[in-house]
Amino acid sequence: DDRPRILGYRILDIDGDTARADVELLAFVSEINGVSPASATYDFAIEQQDGGSRLSLIGSTFTPHYPGQDLAVPTAVAWVEAAQRCEDDARERLEYDGNLLGTLGLAESICGAAGAATASVGRLDSLPDPSAVLNGFGEQAAQWSRVVAIQNVAGASPLHVVLAPLGDHWVVIGALSA
């Protein structure tokens, strides 16, 4: 199923009909199921059943813990620099294990390009057309993805590197010409 897989938990508080817990999850990035963070805070609804109490996912809330968006910038810049150096293996280590979304051949087109990339981070709605990411990962991508705008790569128009959180770091899921 598409729910995050719980690996462990620590109960923080029980207050009436709610139990709050810090939860360790199996982190992943998938075009089928989107993103599962490495950890989250759950506010589980407590239901009384058969003379006892049970936690219910219905009515529970989930607050994911993602790495800081400032960590997305060095990943995107390293990806661009590896593409500029034509180092496919180094570039691919910064990507998730699925199909890279966006402009086909973008990484190859900046192979050998000069210029020190400058970058700024934003959200998916900063893209003129985020449909490639939304179609690939679903509407929730607007919440968890980050877009790093890259400039100053010689011979290339500004480009956008799209990243997803994976555990405590970010991975590249797409690259688009601006």
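Asp88 and Arg91 sit three residues apart in helix H2 (residues 88-92), and so are separated by about one helical turn. Helices (H or I, at least four residues) and strands (E, at least two) are DSSP runs, numbered from the N terminus. The model is predicted: local features need pLDDT of at least 70, side-chain atom pairs count only at pLDDT 80 or more, and totals for chains, interfaces and linings use all residues. Residues are numbered from 1 along each chain as its sequence is written, and side-chain values use heavy atoms, leaving out hydrogens and water.

The side chains of Asp88 and Arg91 form a salt bridge (3.2 Å, N to O). Such a bridge is a side-chain nitrogen of Lys or Arg within 4 Å of a carboxyl oxygen of Asp or Glu. Arg91 is buried, at 5% relative accessibility, whereas Asp88 is partly exposed, at 41%. Buried means under 20% relative accessible area, exposed over 50%, partly exposed in between (1.4 Å probe, protein chains only). Arg91 also meets Glu108 in a salt bridge (3.7 Å, N to O). Glu108 lies in helix H3 (residues 106-109), so this pair ties together parts 17 residues apart in sequence. A network of salt bridges links Asp88, Arg91, Glu92, Glu95 and Glu108.

The structure holds seven salt bridges. One of them joins Arg10 to Asp22, with the closest N and O atoms 3.3 Å apart. Arg10 belongs to strand E1 (residues 6-15) and Asp22 to strand E2 (residues 18-25).

Strand E11 (residues 169-177) has seven of its nine residues buried. Eight bridges join E11 to strand E10 (residues 159-166), and the two run antiparallel. Strands pair if DSSP finds at least two bridges between them. Two bridges join E11 to strand E7 (residues 101-102), in parallel.
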